[in-house]
Amino acid sequence: MPEYIRLVKEQRFEEASCLIHERLTLPHSLGHICSHPCETACRHECLNEAISIRNLKLAALERDHGKAWKRRRRQLPDTGKKVAVVGAGPCGLTAGYYLRKQGHSVTIFEGQPEPGGMLRYGIPEYRMPRDVVADEIAGLTEVGMEMRYNSKIDDYQALAKEYNAVVIAIGNQQGARLPIPGSDKPGVYVNLDFLRRVAQGNPPELGENVLVLGGGNVAFDCARTAVRLGAGQVRMACLESEEKLPGDREELEAALEEGITVHFEKSFSEIVGEGENVSGVKTVNVASMAFEDGKLNLETVPDSEAVIPCDTVIFATGQRAGLTGDMGLVLGRGNSVVVNERGQSSVENIFAAGDVTYGTQSVVKAVAAGRAVAESVDRFLGGDGDTSEKLVELDQAKPCIGKIEGFAAQPRVKNGVLPAAERRAGFMRAERSFTWEEACQEAGRCLQCQLRERLQQPKTWNGFEEGGAAV
């Protein structure tokens, strides 16, 4: 990361893009929506704020007009081995991309009419522009993967007989509906179904008063989407306190700016209403909560029952995989596929990776899981499992940085966002990218931590052995 940040500082955007593509597929998409866990390890936080790594990645990719990384990527000779990848989301596309580059024939089966998985159908367009997803996926499929859309796979055993290896990368495509009274009323929706219908241009009919149950990023996606669909009042309610909210802080801040009310530390017991109509959700205050062995231990406050009024409810309380035990695979909690350290399931040539193995997490983790399982499958098929490649030859950074007045106090450059009133009005992109001047300024804050690898231990008066060799 310090190296491509240095390249951005020097306005060498195409080289920075090549360096990013050495390790990562779908970086342009991640530049828009990544939860940037890398920034928590940035040493600049010791001074004031972490470097805006995600936005610098996006700045480089938006200015990479030559796409030299495509011309330089390697393609190994065909091996004659066939691999089926089930799921064309971030994990499946990444796995298929690297397996094809290792020389294997790859066919990707996708149940939806277009590829992208959650990038296309789960993340709203105000966060993830659809043209970016389409362009980036096209760049991956250029290596020669066969794409089969509207192709839902139910029999993995049959697929494993037709192909030398199978990779299950279907993610967690089913939203969870809590088993409380009233959850089957017509005005009650589930997160992924709701977001998918909006992405396909067929949004459900919402009332004036929407309540989203959940506090993760998907819950914020649902709430902020409901605002853009014209709901008069949008609320959220979640088990966690504000300090322990699972969603990103920036999502909470944006939601509050857009007029969304968030009720913290609420447990849900019933969706109430006359007949099929929804009029509210019964809640009780949470005193404490903790997960032990995957199970929720919850203590509530006595005599704290209340009803949050609403006419539409959206469950955003988790997702699970659409698998069943009759598929012949050993499954774990939430219908996840049980795999070993190599990503192999209970069937020798069936592998699995991504959310379908460890639960719903981030897109960047799914991309990493796709590359890791591709390396495992390649070794299983007789390859060396080495997917690394060199896309750019870098010069060494100058070790003498010099003195920069006020360096430690330089503030983090903020990327602008549309005013809340404009954001509420539609699905145009909410955030603004860095200008190249802003990108260079922010990159200039980097401490260039990689230079420490070139430091030598200083010699001291007692640091020598007989003959002059350092101890």
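**Strand pairing, helix packing and a loop serine**

Ser346 is found in the loop that lies between strand β15 (319–320) and strand β16 (350–352) of this structure, which is a predicted model. The relative accessible area of Ser346 is 43%, and the residue is therefore classed as partly exposed, since this class covers values between the limit for buried residues, under 20%, and that for exposed residues, over 50%. When its neighbours within four places in sequence are left aside, Ser346 is in contact with Gly328, Leu329, Val330 and Val338. The C-alpha atom of Leu329, a residue 17 positions away along the chain, is separated from that of Ser346 by 5.9 Å. For Val330, the backbone nitrogen lies 3.1 Å from a polar atom of the Ser346 side chain.

Strands of a sheet pair through backbone hydrogen bonds, in either a parallel or an antiparallel manner. An open sheet is formed by 5 strands in the order β6-β14-β7-β8-β9, and the pairing is parallel. Strands β6 (188–190) and β9 (261–263) are the edge strands of this sheet, each of them pairing on one side only, and neighbouring strands are turned against each other by 20 degrees on average, with direction ignored. Strand β6 is joined by 3 bridges to strand β14 (residues 312–315), the two running parallel, and in β14 the bridge partner of Tyr189 is Ile314.

Helices are also placed against these strands. Helix α10 (residues 191–199) lies across β6 and β14 and runs at about 85 degrees to β6, whereas helix α11 (residues 217–228) lies across β7 (209–213), β8 (233–237) and β14, running at about 170 degrees to β8.

A further strand pair is made by β1 (residues 82–86) and β2 (residues 105–109), which run parallel and are joined by 5 bridges. Within this pair, Val85 stands opposite Ile108 of β2. Strand β1 is mostly covered, as 4 of its 5 residues are buried.

Two packed helices are described by the angle between their axes and by the distance between those axes. For helix α6 (residues 90–101) and helix α14 (residues 363–380), the axes come within 7 Å and cross at roughly 35 degrees, and the crossing in which α6 passes α14 is right-handed. On the α6 side, the residues that meet α14 are Pro90, Cys91, Thr94, Ala95, Tyr98 and Leu99, while their counterparts in α14 include Val363, Ala366, Val367, Gly370, Arg371 and Asp378. The residues of this contact divide into 12 nonpolar, 2 polar and 2 charged.

Conventions: Residues numbered from 1 in each chain as written. Predicted model: local features only at pLDDT ≥ 70, side-chain atom pairs only at ≥ 80, totals over all residues. Heavy atoms only, no water. Axes fitted to C-alpha atoms, helices over the stretch in contact; angles between N-to-C directions. Left-handed = near helix turned anticlockwise from the far one by under 90°. Contact = heavy atoms within 4.5 Å. Nonpolar A, V, L, I, M, F, W, Y, C, P; charged D, E, K, R; others polar. Buried < 20%, exposed > 50% of the residue type's maximum accessible area, 1.4 Å probe, protein only. Polar contact = N/O pair within 3.5 Å; in protein donor to acceptor, adjacent residues only side chain to side chain. Pairing = 2+ DSSP bridges.
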